[in-house]
Amino acid sequence: MQAWRVHTPGEPLEAMRLEEVPEPVPGEGEVRLRVLAANVNFPDALLVRGQYQIRPPLPFTPGVEICGETEDGRRVIANPSLPHGGFAEYVTAPARALLPAPDGLDDAEAAALHIGYQTGWFGLHRRARLQRGETLLVHAAAGGVGSAAVQLGKAAGATVIGVVGGKDKARTAEELGCDLVIDRTAEDTGGIAARVKEFTAGRGADVVYDPVGGDAYTASAKCVAFEGRIVVVGFASGTVPTPALNHALVKNYTILGLHWGLYAAKDPAAILACHTELTRLAAEGTVKPLVSERLPLAAAADAVQRLADGTTTGRLVVVPAQTGTQAQSRTRAQSRPQAQDGAAR
């Protein structure tokens, strides 16, 4: 079969190689799946760069979430067992963790319904306890993670403010239903905070969803409401904030961390319950993954690089059965114009 493999960590376009390899053999408690679609995630870029908290043995295949087909023909959502990740024609995955793919979503949409939406649901509901009528501020609102949070916030009855990077992403955030969109390229952190305060009549955001870190967190702390909650999801900017706890004390707000992967070990039943709720919302049409491109397997390295560089909107999904290429070949310099800004913004 064909699979992308990393022999030496580095930038995706340089480190990922498309190779002919044997099909993976399931271990105890695992099943083999044919990959129907593999969603591209920021952790994939970190894995390739050797910067993720999990470091699979070399060589490995990245790709942390897929929609796949079992040998008896069932369509499922799964997290592949590394080092045999999803940017391949076949993977192995834990049998106990397979989730049914919603009938109303195609393969690419189903692949994108898992990590980003589960993270959003746990972050907004389990951690922040978002209430109807509250104001939710979402950073990187046009990205894969942010767009999921926007949809889930609207589904919960919140007023949603989206922060994005650029006019094209601003249009996407508006289409997603954001009640206010702020273009961070036209505002500094003080300007973002001022816009939020003005929009909320001085109160600020009740809940902040931050997958970016860096300056995004700084802006959040400036405009979080009394008894507000800042949910720290990730650091796509590349900068890990160092919160001033005296500021949290004086303004009376809460800083919440969210590591969704821990629920698989600590509370796996909650993941299934969340998937049931997400499936219901998808069936209603309340949430629908924002898939901006469906790409052939040959374009996977380019897709991971683009996500790492922060130039994407919504989700890029690799569909191995697709032929041809929808992604133009680019040089390394062309594909990394915004590397300092992070992946999801």
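This is a predicted model: local features need pLDDT of at least 70, side-chain atom pairs count only at pLDDT 80 or more; totals for chains, interfaces and linings use all residues.

**Exercise 1. Carry out the corresponding analysis for A140.**

Solution. Step 1: A140 sits in the loop between strand 8 (135-139) and helix 5. Step 2: the phi of A140 is near 55°, again a positive value in a residue other than glycine. Step 3: A140 has a relative accessibility of 5% and therefore counts as buried, the limit for that class being under 20%.

**Exercise 2. Characterise helix 5 by its span, its burial and the residue that follows.**

Solution. Step 1: helix 5 covers residues 144-155, twelve in number. Step 2: from the first C-alpha to the last it reaches 17 Å, close to the 16 Å expected at 1.5 Å a residue. Step 3: the buried residues of helix 5 are G144, G146, S147, A148, A149, V150, Q151, L152 and G153. Step 4: because nine of the twelve residues are buried, helix 5 is largely enclosed by the rest of the structure. Step 5: after helix 5 comes G157, with a positive phi near 85°.

**Exercise 3. How do helix 4 and helix 5 pack, and which residues make the contact?**

Solution. Step 1: two packed helices are described by the angle between their axes and the distance between the axes. Step 2: for helix 4 (residues 115-127) and helix 5, the angle is about 50° and the axes are 8 Å apart. Step 3: helix 4 is therefore oblique to helix 5. Step 4: the crossing of helix 4 and helix 5 is right-handed. Step 5: helix 4 contributes G116, Y117, G120, W121 and L124 to the contact, while helix 5 contributes A148, A149, Q151, L152 and G153. Step 6: these residues divide into six nonpolar, four polar and no charged.

**Exercise 4. Describe the packing of helix 7 and helix 8 in the same terms.**

Solution. Step 1: helix 7 (residues 189-199) packs with helix 8 (residues 215-223) at an angle of about 40°, and their axes lie 8 Å apart. Step 2: helix 7 is therefore oblique to helix 8. Step 3: the crossing of helix 7 and helix 8 is right-handed. Step 4: T189, G190, I192, A193, V196 and K197 of helix 7 make the contact with D215, T218, A219, K222 and C223 of helix 8. Step 5: by class, the contact has five nonpolar, three polar and three charged residues.

**Exercise 5. Is helix 2 roughly parallel or roughly perpendicular to helix 12?**

Solution. Step 1: the axes of helix 2 (residues 42-49) and helix 12 (residues 300-309) come within 9 Å and cross at roughly 100°. Step 2: helix 2 is therefore roughly perpendicular to helix 12, as angles of 65 to 115 degrees fall in that class. Step 3: F42, D44, A45 and R49 of helix 2 meet V304, L307, A308 and D309 of helix 12. Step 4: this contact comprises five nonpolar, no polar and three charged residues.

**Exercise 6. Determine the surroundings of G86.**

Solution. Step 1: G86 is placed in the loop between strand 5 and strand 6. Step 2: its relative accessibility is 0%, so G86 counts as buried. Step 3: beyond its neighbours within four places in sequence, G86 contacts V35, A38, P62, G63, I66, P80 and V91.

Conventions: Residues are numbered from 1 along each chain as its sequence is written. Side-chain values use heavy atoms; hydrogens and water are left out. Helices (H or I, at least four residues) and strands (E, at least two) are DSSP runs, numbered from the N terminus. The expected span of a helix is 1.5 Å times one less than its number of residues. Buried means under 20% relative accessible area, exposed over 50%, partly exposed in between (1.4 Å probe, protein chains only). Axes are lines fitted to C-alpha atoms, for helices over the stretch in contact, and angles run from 0 to 180 degrees between N-to-C directions. Angles under 35 degrees count as roughly parallel, over 145 as roughly antiparallel, 65 to 115 as roughly perpendicular and the rest as oblique. A crossing is left-handed if the near helix is turned anticlockwise from the far one by less than a right angle, and right-handed if clockwise. Contact means heavy atoms within 4.5 Å. Ala, Val, Leu, Ile, Met, Phe, Trp, Tyr, Cys and Pro count as nonpolar, Asp, Glu, Lys and Arg as charged, and the others, Gly among them, as polar.
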